[in-house]
Amino acid sequence: MEPKLEDYMDWPKIEDLEYAECGNPQEVLGAAVVDGHVLLRCYFPDAEKVSVKVKGVAQPIAMAKMEEGGYFAIFLNGKKIPEYTYEVQEKNAVYEVGDAYSADEFVDAMDETMFESGTHDTIYEKLGAHLCEMGGRAGVCFAVWAPNAMSVSVVGDFNGWDGRKHAMKRLPTGIFELFVECAAPGDLYKYEIHGADGKVVLKADPFGYYCEKRPATASIVWDIGKYEWKDREWLDGRKKAKVKNDPMIVYEVHLGSFRKPGGEEFYSYRELAPVLVKYCKDMGYTHVEVMPVMEHPYDASWGYQVTGYFAPTSRYGTPEDFMYFVDQMHVNGIGVILDWVPAHFPKDEHGLARFDGTCLYEHLDPRQGEHPHWGTLIYNYGRPEVANFLVSNALFWLEKYHADGLRLDAVASMLYLDYGKQDGEWVANMYGGTENLEAVAFIKQLNQKVKERKDGTITIAEESTAWPMITGEIEEGGLGFDLKWNMGWMNDYLEYIRTDPLYRKGRHGMLTFSMVYNYSENFVLVFSHDEVVHGKGSMYGKMPGTPEQKLAELRLTYGYMAAHPGKKLLFMGQDFGQEQEWSEERELDWSLLDEQTAAISNSDEIVSIKSPHALLHDYVAKLWKFYRSHPALYAEDYRPEGFEWISMLDADHSVIAFIRRSGGETLLVVCNFTPVRYDEFRIGVPFSGKYKEIFNSDSIGFGGKGNINPRLKQSKAVEQDGRENSIEIVLAPSAVQIFDCTPIQKKKGNGGKNERRKRIQGNRKTRA
């Protein structure tokens, strides 16, 4: 007896299809074997007629229209599901398509298990939109995690943004997926989510590889596997690099305002690449740190409020364009560090907030799930799938875009439950403390995964508190970062340098305190974008005095930074004395470098010389070149053997002096933080020897006054600064001076003894 189609119709669920509210469409669509027959069911709301084309059968077989909304069904003879397609006839078109609801699962059981446990490092290869073939037919497999949604449909250019046409199949873990044959690269799409709260929202793809240019917010189907990289030599060399011992000078850059074209919003990644490469090579920077390029809707957030974690922003071009940018940096010997924001995300409706009608990525309790002072949401790091989303995203940028490192933004806000909150605005941990234990576990997991790559990639923490062992080994209780921004040094120094030199002696400890804790972490010394925005003024503006004095103080500041232990970071524009506070709305004040200053030569001829800002620019370039050519300034940054105080207590003169050493190289660094010249200033030295000034920020070529020490200095057995030997120097005003130190070679035999005896006698006479 032939079964009747009506007996196998689940009318309530079929009706749900018509309202795009069917949470398990695979139960009423696709193929099933029932009562010795094959039941085929499909839903094409715009179809007038649907036929099934069965492999081996000559003619298409018309299907019965079971419901006027577009639901069709048919029984085929046999107990085995054959190969088949649908021939769909609409008012103005006829097309053939496979059955998406009988296609194999793209996200398999192992993927689900690993994602659910938070261990799927490459989940981005399954969730999102991926070009693939199912049953020999090309299309796109869409997959999204929305466990509490009533139903999810994928909508886009390929279906007229009609949520009825592609209701997604629900998998056991709450992942929804669907193979869409008519989708293609370049199609715009979103997920239409009928949430647990009863609302219907259109969400961008959390794992989408590319997005529309703001203010539009749709995701774009994109294949990121086509770019042909040329940086193999760089990647191979990176594996051998030693971040603690190598020189590192980072140029922090905001791509949208580094340069701006006339009449256009932005230069593209491809246009910026050669300009930035040349700039970094000319200036001597080893790395660029790019403020977040992940897609974000609001320009004034500078990228720190991310909605598209897997998509480089379309403001500057395509994913391949950004790959080209990174590739060009590498080919030219420049590393690329990406700012990455796992601490919070914005409330934009198309983003992660209340993604499936519940607080899926964030905490339900606003005391745990919101930053009141930022107006953003906090990730629920204790949910394995959320931690997996973030860890896989970090690894994605290292793997797919060849990033050399990630600088994690606002780490302190992750570590402390009460960060930026008042009493009653936060919830203590299980032990009654303020530590966010789930965030700590997430950070350790992330850093462990990066270290396991063993490819030279690094992580850097922006962390502003005294949380212990930020860069400590995970096995020893540390968080496992490679480097940490030294916010304490930065804050102390800027407070000190903006003080009138007349009163700096009262704040002398601000110069020296950084060495008390210097070896507690692997530090990066930073003057970042945060110090030149929101009314803080530019670095130039922080310096006291006349324009000439400001530039001298900047030369001193950068020279002291170069000589102090720790890697270096400087935000764009500050290396030529940008006068205005930085704004993302305009490009840097490059015109300051083009201004010419008139001068009269000896022949009464009026000539043009470089502007003071151009001279500062030249100074910084020579400073970084000097730093990179002297291992004593970087190779022992994190070992006490690489640094030694000579003078740290001379507050009356606002002078400090110290030694930097590595291997056989010893450098004496003297910094004068007052605009006063001293002709016969005595400084203690580490040993009897010869001292040659090899760098002086007051040189005329740098825009200074030329208070230099042109002749070699021979130390004398005169006590100074607790040392048996010392030298007298011209101490330049508001300047850093660096001397190469060469010890006297002891003679062999009696001659050596006689020489030592003479020095001892000389010391006694001097003391007498």
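My model is a predicted one, where local features need pLDDT of at least 70 and side-chain atom pairs count only at pLDDT 80 or more, while totals for chains, interfaces and linings use all residues. Residues are numbered from 1 along each chain as its sequence is written, and side-chain values use heavy atoms, with hydrogens and water left out.

I looked up D35 and found it in the loop between β1 (30-34) and β2 (37-43). D35 has a positive phi of about 50°, although it is not a glycine. Is D35 buried or exposed? For that I use relative accessible area: buried is under 20%, exposed is over 50%, and partly exposed is in between (1.4 Å probe, protein chains only). D35 comes out exposed, because its relative accessible area is 56%.

A410 also has a positive phi, about 55°, and is not a glycine either. A410 sits in the loop between β24 (405-408) and α9 (411-415). At 10% relative accessibility, A410 counts as buried.

Next I checked for a cis peptide bond, and the one from R214 to P215 is cis, with omega near 15°. P215 belongs to the loop between β15 (200-203) and β16 (219-220).

**Nonpolar cores**

A nonpolar core here is a set of buried Ala, Val, Leu, Ile, Met, Phe, Trp, Tyr and Cys residues joined through side-chain atoms within 4.5 Å. Which residues have the most contacts inside the largest core? They are F142 and Y251, in a core of 202 residues. Helix α8 (residues 384-400) gives the most to this core, ten residues. Apart from it I found another core, of 16 residues, including V38, C42, M63 and V88.

**A surface patch**

Patches take residues with over 30% relative accessible area and no salt bridge; like charges are joined within 9 Å, and nonpolar side chains (Val, Leu, Ile, Met, Phe, Trp, Tyr) within 5 Å. Accessible areas come from the Shrake-Rupley method with a 1.4 Å probe, and for residues only the protein chains shown count as cover. M430, Y431 and L437 make up a nonpolar patch on the surface, with about 390 Å² of accessible area together. L437 is in helix α10 (residues 437-453).

**Salt bridges**

I count a salt bridge when a side-chain nitrogen of Lys or Arg is within 4 Å of a carboxyl oxygen of Asp or Glu. How many does a search of the whole structure find? The search gives 44 salt bridges.

One of them joins the side chains of R137 and E181, at 2.7 Å from N to O. This pair links distant parts of the chain, 44 residues apart: R137 is in strand β10 (residues 137-145), and E181 is in the loop between β13 (175-180) and β14 (188-194). R137 counts as partly exposed because its relative accessibility is 24%, whereas E181 counts as buried at 17%.

I also looked at D637 and K567, whose closest N and O atoms are 3.1 Å apart in a salt bridge. They are 70 residues apart, with D637 in the loop between α16 (612-628) and β31 (643-650) and K567 in strand β28 (residues 567-571). D637 is buried at 0% relative accessibility, and K567 is buried with a relative accessible area of 0%.

Points are joined across faces, edges and corners, and a volume is the space filled by probe spheres set on them.

I get two cavities of 30 Å³ or more. The largest cavity has a volume of about 70 Å³, and its lining includes R214, E295 and H350.

The largest pocket holds about 810 Å³ of space. Of its 33 lining residues, A241, K242, V243, G456 and I458 are the closest to its centre. Which helix supplies the largest share of the lining? My note says α3, with four residues.

Notes: Helix = DSSP H or I, 4+ residues; strand = E, 2+ residues; numbered from the N terminus. 1 Å grid on protein atoms, 1.4 Å probe; cavity = no way out; pocket = protein on both sides within 12 Å on 5 of 7 lines; lining within 4 Å.
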